[in-house]
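Below are some notes on the helices and charged pairs of this model. Please read them alongside the coordinates.

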Amino acid sequence: MLQTISAAFHEGGWGMWLILITSILIIGIIVERSVYLFKASVDKDKLLALLKSQVMAGNVQGAIKVCSGNPTPMTRIVQAGLMKFNKSDDEVQAAMDESALRELPKINARTPYLAMLSNFAVMAGLIGTITGMIKAFKSVGDDQGGNKAQDLAGAISEALNCTAFGIGTSLVGLLGFSLLQGKTTKVTDDINEVTVQVVNLVVNHRAQMQSPQG
């Protein structure tokens, strides 16, 4: 299998190097984003239950410790709001919004590049296809003798291998983009849902949070 891929790579000519570099970038982004988004994921129902139990008991520091003990974008945003529990509602919301402005770009980072790199892989494959076809027609029209059949086969092989590797790399990139974009949307939606519920929790239970137990 590896020998077949290696042989096809060499037959594809210089265009394959562009596709190879693109595929390395695509795989690198997919791995890095997958690890980050996996670590950024939180069981929101469990987190809300823990925060609610602490807030209802008037233990704000306990709620803050729940967040600081599990550092993720969501818990850092919630923690920013809890730190302002004794301020006005607007200040609590503003603290969470400010933290969200720092955290949300990290969640969305680099994933859009996968779409661009996928298109580039197709274009790189197309360039290899065109150069291969130019060589093919040139070999047919060459009147200097030699093995025209072998030259023609080599040129067509270059064209088709570039096409196949370009499309294959693009498919991997597009699949990774779709999956990561879906995961990014879920993480962002969870953050929005939890932050709204935490703001409501703080607003409705501020008196308990400001009691001596807190």
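Is Arg-76 buried, exposed or partly exposed? The first point takes this up; note that the model is a predicted one.

1. Arg-76 is partly exposed, its relative accessible area being 32%. Its salt-bridge partner is Glu-103, with 2.9 Å between the closest N and O atoms. Since Arg-76 belongs to helix α5 (residues 73-82) and Glu-103 to helix α6, the pair ties together parts 27 residues apart in sequence. Glu-103 has a relative accessibility of 5% and so counts as buried, the cut-off being under 20%.

2. Glu-103 also forms a salt bridge with Lys-106, where the closest N and O atoms are 4.0 Å apart. Lys-106 is partly exposed, at 40% relative accessible area.

3. Helix α7 covers residues 111-141, 31 residues in total. From first C-alpha to last, α7 reaches 46 Å, close to the 45 Å expected at 1.5 Å a residue. Its buried residues include Gly-125, Gly-128 and Gly-132, along with Ala-121, Ala-124 and Ala-136. Leu-114 and Leu-117 are also among the buried residues of α7. The cover over the buried residues of α7 includes α2 (15-40), α6 (89-108) and α8 (148-204).

4. A salt bridge joins Lys-135 and Glu-158, at 3.1 Å from N to O. This pair links distant parts of the chain, with Lys-135 in helix α7 and Glu-158 in helix α8, 23 residues apart. Lys-135 is partly exposed, with a relative accessible area of 42%, whereas Glu-158 is buried at 6%.

5. Helix α1 (residues 2-11) also meets α8: their axes come within 8 Å and cross at roughly 115 degrees. The crossing is left-handed. On the α1 side the contact is made by Ile-5, Ala-8, Phe-9 and Glu-11, and on the α8 side by Ser-157, Glu-158, Asn-161 and Phe-165. By class, these are four nonpolar, two polar and two charged residues.

6. Among the residues involved, Glu-32, Arg-33 and Arg-110 are joined into one network by salt bridges that share partners.

Note on methods. Residues numbered from 1 in each chain as written. Predicted model: local features only at pLDDT ≥ 70, side-chain atom pairs only at ≥ 80, totals over all residues. Heavy atoms only, no water. Helix = DSSP H or I, 4+ residues; strand = E, 2+ residues; numbered from the N terminus. Expected span 1.5 Å × (residues − 1). Buried < 20%, exposed > 50% of the residue type's maximum accessible area, 1.4 Å probe, protein only. Contact = heavy atoms within 4.5 Å. Axes fitted to C-alpha atoms, helices over the stretch in contact; angles between N-to-C directions. Left-handed = near helix turned anticlockwise from the far one by under 90°. Nonpolar A, V, L, I, M, F, W, Y, C, P; charged D, E, K, R; others polar. Salt bridge = Lys/Arg side-chain N within 4 Å of Asp/Glu carboxyl O.
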